[in-house]
Each structure stands twice: as structure tokens, then as C-alpha cells.
Amino acid sequence: MNQFAGTGTLIRFILRRDRLRLPIWIVGITGFVLLFASSLPGIYATEADRQARADLWDNPIANLMRGPGYGLDDYTFGVMVAAEILLYVAVAAALMSVFLIIRHTRREEETGRLELIRASTVGSFAQPAAALIVVSAAHLLNGVLIATLLPVVGEDMAFAGSLAVGTGVAATGIVFAGVALVVAQMIEFGRGAASVSAMVVAAAFLIRAIGDVQGSVISWFSPLFWAQSMRPFVDERWWPLALAGITTIALVSVAFALNVRRDVAAGLVRPRPGKANASDGLAHPVGFAFRQLRGSLIGWSIGLIVLGIAFGSTIGEISEWIADNPEMAEFVAAFEGISLLDSLIGFLVLILAMLATGFAIPAVLRARAEETAGHAEALLSTALGRSRWIGSYLLIAMVGSAIVLLLGAGALGVLSAIDQNDTNLFWQIIGAALAYVPAIWLLIGLVSVFFGFFPKGLAVPWVVLLFAVTAGLFGDLLNMPGWMYNASPFEHVPELPGGEFTLLSIVVLTGIAIGLIILGVIGFGRRDLQSV
Amino acid sequence: MTPVISMKDVVKTYGSVRALDFFNLTVNPGEVHGFLGPNGAGKTTAIRVLLGLLRHDSGVARLFGGDPWADAVELHRRLAYVPGDVNLWPELTGGEAIDVLGRLRGGLDPKKRAELCERFDFDPTKKGRTYSKGNRQKVAIIAALSSDVDLLIMDEPTSGLDPLMEVIFQECIKEEQAAGKTVLLSSHILYQVEVLCERVTIIRQGQTVESGTLQELRHLTRTSVTAETERPAADLIHLPGVHDFSLDNGRVQFDVDTDKLGPVISEVAALGIRNLVSQPPTLEQLFMRHYGEELTAEELAEPEKEEVVA
């Protein structure tokens with residue numbers, strides 16, 4: 001057991017370093033579940049209200065976005081929690097694992113800090129074991145809080161169902177801690193390891209999306225399905241927890257087996273000699289920034305194309321459903337104000353646009369990482385001006401996010417057009433996607449302003465995006481008031497296809513976005529460079 | 001003759017911390033200027049102000065007669081900078097990093113680059129992450145030396161280089177000087193400054209404590225004298241300019257202010273010299289005289305970083 005020597009000390013060390021980060025994750029996830037559960041009785045006062053909501057969501061779109069929807073025929077508040085938000089709470093738990101595990105394993109190795117730790121009386125498994133134990137304990141605490149507090153704050157929520165929700169979320173988180181631990185052994189850089197792990201989460205989301213729409217066994221291959229598969233508040237079953245346990249043990253064993261076989265700081269691929277000379281493009285600021293963001297751009301492009309294809313391939317299922325349930329389709333369409341298919345496509349394009357923002361924000365933040373690492377100091381002491389330097393990252397974020405979005409929308413458009421035998425639909429989808437570009441740029445502008453004036457507050461744009469995603473996914477469910485909607489830039493985009501195209505809002509959004517971007521560049525030109 | 005670098009009463013504060021406190025520095029064309037000071041004295045801050053990376057609060061800073069903040073890009077075409085702690089991009093090779101830095105500066109001489117790689121025994125095909133500290137330092141040195149510029153600003157450039165490489169570095173700097181270039185060399189390695197620099201500026205706690213040629217500064221320092229005399233030397237202790245006097249078995253040892261050396265040695269000679277050893281002041285002593293008894297705990301702790309910039 002010498003390989004675990006020092007684990008206890010490292011656990012205390014991680015707790016000390018993350019004394020703010022861990023509570024934020026736990027309070028954020030538990031708080032969201034409890035807030036949601038406690039607000040439901042106010043919005044859906046009668047059983048008829050709840051049943052209307054259930055009918056609205058008894059279709060393939062809901063299966064795609066929210067899960068299998070067990071217990072829709074008796075839509076109690078507990079079932080609402082399980083059917084409408086449990087999937088996303090599980091995703092949040094998975095991402096919590098990814099970021100925390102990579103932070104305490106590969107990131108520590110990459111910076112050379114682990115070398116310092118491993119040179120003392122610390123075993124080779126101590127660091128990954130400590131990270132795994134802390135993250136798993138945080139997930140268990142999360143689960144206990146949800147299980148005990150849900151019956152208190154919610155109405156008619158039995159303890160068994162609450163326990164299923166709590167343990168389901170915790171188990172999902174722990175499984176993905178195992179996934180991240182394996183990835184951390186293979187990928188040399190922390191940034192890359194986090195991206196690859198996040199891609200596994202995204203793939204798991206897609207696998208269950210396909211499975212849930214088809215109602216097939218495919219869903220079982222995704223750990224993100226397992227929490228909902230426990231059927232909380234319907235007829236709880238507990239054996240998916242064993243599935244999660246076995247999967248975690250297998251993943252952790254693989255991670256430790258890889259760990260003993262490799263050198264500290266090494267990945268699976270041995271470093272090879274590279275080019276002795278820089279290409280011409282690399283010596284240009286835009287080319288240099290592109291080189292740094294290339295991998296991320298390719299990754300997000302592939303991700304959104306795959307998602308567009310997955311979304312597009314469900315269009316057929318949905319139009320079949322509309323044909324089989326004409327009255328229901330009409331009812332839903334009347335609720336939304338536009339045709340069901342249009343409303344669905346608009347929603348899917350919104351999802352793609354929010355994901356494209358997930359490329360844009362880190363693309364600009366890369367400049368901040370370059371600054372604090374001291375790389376910017378070397379570049380800016382050459383004849384490269386500050387505006388051109390930061391402008392390169394902003395340019396790639398703007399153009400790159402538009403490309404990523406159009407690729408995803410293009411894939412969705414091609415499949416939809418083929419399915420509906422309607423070329424026009426392709427162009428409608430492209431148009432709907434283009435309408436979201438100014439909203440993405442607005443968030444880039446926000447990052448730019450924070451970078452230029454308040455670089456310590458660069459978490460704020462993420463919070464705005466998180467809020468926009470919440471408003472987009474759950475706003476109607478929570479009956480969110482108009483002023484709250486208005487805080488999300490994505491809600492100022494004309495609802496296309498089907499809605500009215502308003503040039504003014506696009507022009508205004510673009511104007512504000514470019515104004516903010518320029519303001520940020522000016523701010524950066526006036527402040528001290530901050531490096532270590 | 002316009003100085004290449006001129007800083008007059010420059011103040012730079014970080015919150016309540018004064019990194020530069022009415023700091024003065026003048027570097028003339030064609031000279032290799034030593035910039036000395038203990039850790040945390042403000043050397044790197046002064047250099048970052050000159051590079052337009054930091055904006056000073058008051059005072060005047062001039063680079064080639066221009067404003068280092070407002071005219072940064074134009075001025076940077078004429079200089080190359082070697083930081084004390086070179087951070088490389090982990091995903092780029094050393095050769096790519098040299099090219100990027102050189103070309104962004106306005107181009108580099110491929111022949112000189114190849115020659116320098118050879119001289120410094122540097123492999124440009126390895127990825128940034130895999131280089132040792134000394135090899136990372138070589139990237140910045142090679143990039144700077146293969147650019148055609150008028151001024152080299154070097155912030156403890158040889159930290160991490162082995163003694164052999166340091167000799168090569170010194171040769172390179174002498175060649176640059178012969179070619180008429182101006183060099184600002186910050187260091188706390190004193191013998192390096194002694195070998196290369198004709199003028200030095202000493203900074204402590206953000207203030208210029210001394211500036212001049214080594215010759216001028218030596219007048220301010222003391223020479224160590226050890227002698228054996230035929231007659232007892234006890235009376236020497238009363239001579240003006242004599243310090244730290246000790247007498248042991250006919251062997252006398254003391255330090256003497258360099259400008260009083262002549263009269264004191266005459267007195268020693270009058271006692272009948274059997275043996276005399278006199279050591280010229282070194283920059284170590286120069287340093288010791290400024291910081292000797294009053295080194296603060298902070299300076300003794302030798303923090304790695306020059307300033308704390310959050």
C-alpha cells in the first residue's frame with residue numbers, strides 16, 4: 001500500500017485549495033434542484049396545470065432534450081423534477097467531476113508541481129486517489145443534501161424518490177470522476193485532458209438522446225441515463241446504482257494501471273521532435289492565435305456537426321409523431337404560436353448557438369492565460385502592438401464561433417431538408433443560425449470588456465452564459481418573468497424560422513457587440529500587463 | 001548625444017507598494033550598462049516600464065528619445081528583450097519560438113540564428129515543455145542576438161546557464177558591443193557585470209543608490225590590506241580612512257577607503273614591510289557596503305520573483 005502513502009495529507013491539501021470551489025459546486029447543484037422543486041407549486045397550482053404541462057412534453061422533442069419521461073400520466077411535482085431537470089443536474093455533476101479531477105491530476109503534473117510533491121514521501125497513486133476521494137465525497141454530500149432536503153422544500157415529495165434523485169446524481173458524478181481520471185493518464189496537457197473528458201460527457205448526452213427518442217436500449221450505454229433510469233417518484237429501482245459502482249471500479253482500475261506504467265508528466269504518446277523553423281503564418285499574430293485555438297476550433301466543429309446530425313435525424317421521428325397525433329401537435333403549436341416543427345428547429349438552433357458560445361468565450365480567455373503565463377510579455381516586447389495581439393484572439397473567437405454554429409446548423413439543415421423534402425428548410429435553418437451570431441458576439445464583447453478593464457472578473461461572462469442557458473432550457477417551465485428573459489442576449493434574436501424577422505434587433509445587437517469589443521481593446525491598451 | 005535610455009524620478013506603485021521610488025537611470029549609446037540590485041529591488045519593474053508593459057505613475061521615461069508607453073511598437077523594432085524567466089509555449093518547438101519572436105520584431109538573420117544555435121549547442125526541434133531552464137533561456141538569447149537591433153535589454157539573462165554557456169554568452173555580448181550596440185544588463189551575478197560593463201547603476205528598494213563607471217565607484221569602496229611589518233603596527237588604527245583593524249602576531253589586517261590608500265600605505269612602509277597583500281575592491285564589496293548590515297529579512301529570503309504582480 002506504499003503507493004498510497006501521503007493520500008491523507010493530499011486530501012487535506014486539496015480541501016484547503018478548493019475551500020471555495022467545492023462549496024460553490026455543491027451549493028450550485030443542490031441549490032438549483034431545491035429552488036426548482038420549491039417554485040413548482042406556485043406555477044402549477046392544480047393537477048390540471050401539471051397534466052397540461054405533461055401533455056405538452058409527451059413527444060419526441062422532450063425525449064431528445066429531457067429524457068425518457070417516466071410517469072407522465074401522473075405528473076406530480078416529484079416526477080416533474082425527475083423528468084424535466086434531472087438529466088441536466090446529472091450533466092452538471094459530470095462536468096464538476098471533469099474540471100475538479102483534471103485540475104488536481106493532470107494540471108498538477110503539467111505545471112511541475114506534482115514533481116515537487118512526488119519527491120517527498122508520497123506514493124504514485126496518492127494524488128489521483130486523493131482527487132478521486134475528495135470529488136466522490138463532494139458528490140455524496142451533494143446526494144445526501146438533495147435526498148434529505150427535497151422532501152422538506154418540495155410538495156408531495158416522498159423520501160424514496162428524493163433518495164433516488166440524490167444517489168442518481170451522486171453516482172453519475174462519481175462515474176465521470178473515473179472517466180476524467182482515465183483521460184488524465186493519457187493526455188499530456190490539462191487543457192486537452194479537460195476538453196477530451198468534456199467530449200465524453202457530450203457523447204454520453206448524445207447517446208442517450210438517440211436512445212430516448214427511439215425508446216431503445218442504446219440509452220443504457222450512457223451513464224447520463226442512469227439517474228433517470230432509477231425512475232424516481234414513479235416506481236424506484238435501485239440496481240442502476242450497482243451498474244454505476246461497477247463502471248467506476250473498472251475505470252479507476254484502468255486509471256491506476258495506466259498510472260504505474262508511465263513516467264510522471266508523460267502522456268501516452270511520446271514527444272517527437274518538431275519543426276526547427278516556424279511557418280510564415282505562425283509569425284503573424286492572427287496565425288499565432290489560430291495555432292493555439294486550432295485544436296479547440298476543430299473539436300467544437302466536429303462536436304456541433306455530430307450534434308446537428310443527431311438533431312436532424314430525429315426530425316423524421318418527430319414529423320411522424322405529428323402525423324400520428326395531429327390534435328396534440330395542434331395543441332402544442334397553439335401554445336407556442338408557431339408550427340411545432342418550426343418551434344422545434346428554432347429551439348435546436350438555440351442550443352447550437354449556446355454551444356458555439358462555448359467555443360467563443362474560452363478563445364478570448366486564452367489571451368488572458370497567455371498574459372498570466374508571461375507569454376504575452378515576450379510577444380508584446382517585440383514590434384507587435386497590444387490591439388493587434390488581443391484583436392487576433394477576438395477575431396478568431398468571432399469568426400470561429402460563426403463557423404462552428406453554421407457547421408452545426410448546416411448538418412441539421414441538410415438532414416431536415418432531406419427528411420422534409422424541402423430545400424427551403426435548409427436555408428431557413430441557416431438563416432435562423434445567422435440571426436444568433438450577434439448574440440454570441442455580444443458575449444465576446446462582454447469578455448473583451450472584462451479583459452480590458454476588470455481581468456479579475458472574467459468569470460462573469462460564464463455566469464451570463466449559464467444564465468442564458470438556464471433561461472433557454474427552463475424559462476418557460478419556470479414561468480420566468482420577461483425582465484429576466486431580457487437579461488439573456490439570446491432572447492433578443494428574432495425567433496426563426498416561423499417568427500418575424502426584425503432587422504433592427506440584429507443591427508442593434510451587432511452594434512452593441514462591436515462597441516463592447518472595441519471598448520475592451522481600448523481598456524487593455526491602457527492597463528498594465530499582468531504577469532508572474 | 002541623446003541617451004538610449006533615460007529614466008528620471010520614475011515612480012511606479014502597486015497599491016501601497018512602491019516598486020520604483022524616484023528611480024533614475026541613464027544609458028548612453030554604445031555602452032554595456034550593468035543594472036545591479038538584490039531580489040525585489042525593482043529591476044524587472046524598471047525594465048517593464050521601459051518596454052511599455054507597465055505604465056509608471058510619475059516621472060519621465062525615455063527610450064531612444066521616445067515615450068516607451070505611447071510609442072511602444074515603433075520603439076520595439078529597435079530593441080530585443082531577454083526576460084529573466086523565459087516561459088515557452090508548451091506546444092511550440094524552441095525553433096518556432098525563436099522565429100516567432102524574431103519575425104514579430106521585424107525579422108531575424110537566419111545565418112546568425114543557425115550559428116548561435118551551434119554555439120549555444122541548442123536543439124531547436126524539441127517541444128517547449130521538454131526544455132530545461134537553461135535551454136529555455138537560450139531560446140530568448142538566440143532570438144534576441146539574431147535580430148538586427150540597436151538595443152538589447154537583458155534581465156538576468158544567464159540564470160540557469162551552465163558556466164561554459166555563460167562564457168559563450170559573454171563573448172556574444174562583447175561582439176555586440178564591438179558592433180556598436182547598446183546593452184542594458186540586469187544581474188546579481190557580480191563578476192559578469194565586472195567583466196562586461198563599463199558603467200553600472202545600483203538599485204535598492206526602488207531607488208538608485210549609485211550610478212557611474214566602475215572606476216568612479218571604486219573610489220567609494222575600500223581596499224583590503226594584509227601586511228607583516230618589522231615594527232609594531234598598532235598605531236595604524238588611528239589613521240583616517242582605516243576600518244576593521246586587527247593585529248595578530250605582527251600580522252596586521254584592515255580595510256582602507258580607496259582615496260586614503262596612498263597616505264596609509266606610506267605609513268605602513270615606514271614600519272618596514274616584510275610582506276604585503278592588497279586586494280582591489282570587488283563589486284561584492286561594493287554591494288556589501290550598500291546592503292551589508294542593512295539587508296532586510298525580505299532580501300535575505302531571496303524570493304524568486306522580483307515583484308508581486310497579482
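Relative accessible area is used here to class residues as buried (under 20%), exposed (over 50%) or partly exposed (in between), with a 1.4 Å probe and protein chains only. The structure is a predicted model, in which local features need pLDDT of at least 70 and side-chain atom pairs count only at pLDDT 80 or more, whereas totals for chains, interfaces and linings use all residues. Residues are numbered from 1 along each chain as its sequence is written, chains are lettered from A in the order in which they are written, and side-chain values use heavy atoms, with hydrogens and water left out.

The domain assignment, which is automatic or taken from a database, divides chain B into domain 1 (5–78 + 150–217) and domain 2 (222–280). The C-alpha centres of these two domains of chain B are 38 Å apart.

Side chains of opposite charge can pair when their charged atoms come close. With a salt bridge defined as a side-chain nitrogen of Lys or Arg within 4 Å of a carboxyl oxygen of Asp or Glu, 34 salt bridges are found over all chains. One of them joins Arg366(A) to Glu91(B), with the closest N and O atoms 3.4 Å apart. This pair crosses between chains, from helix H15 (residues 340–372) of chain A to the loop between strand E5 (79–82) and helix H3 (94–105) of chain B; helices (H or I, at least four residues) and strands (E, at least two) are DSSP runs numbered from the N terminus. Arg366(A) is buried, at 10% relative accessibility, while Glu91(B) is partly exposed at 22%. A network of salt bridges links Asp280(A), Asp99(B), Arg103(B) and Arg113(B).

Within chain B, Glu74(B) and Arg77(B) form a salt bridge whose closest N and O atoms are 3.5 Å apart; Arg77(B) is partly exposed, with a relative accessible area of 41%. In a further salt bridge, Asp85(B) and Lys133(B) have their closest N and O atoms 4.0 Å apart. That pair links distant parts of the chain, 48 residues apart, with Asp85(B) in the loop between E5 and H3 and Lys133(B) in helix H5 (residues 133–145). Asp85(B) is partly exposed at 47%, and Lys133(B) is likewise partly exposed, at 30%.

On chain A, Glu47(A), Asp55(A), Asp58(A), Asp73(A) and Asp74(A) form a negative surface patch, a patch of this kind being made of residues with over 30% relative accessible area and no salt bridge, like charges being joined within 9 Å. Asp73(A) lies in the loop between helix H4 (60–66) and helix H5 (77–104) of chain A and is exposed, with a relative accessible area of 67%.

Conventions
Patches are made of residues with over 30% relative accessible area and no salt bridge: like charges are joined within 9 Å, nonpolar side chains (Val, Leu, Ile, Met, Phe, Trp, Tyr) within 5 Å. Accessible areas come from the Shrake-Rupley method with a 1.4 Å probe; for residues, only the protein chains shown count as cover. Lys and Arg count as positive and Asp and Glu as negative; His and the chain ends are not counted. The place of a charge is taken as NZ of Lys, CZ of Arg, CG of Asp or CD of Glu.
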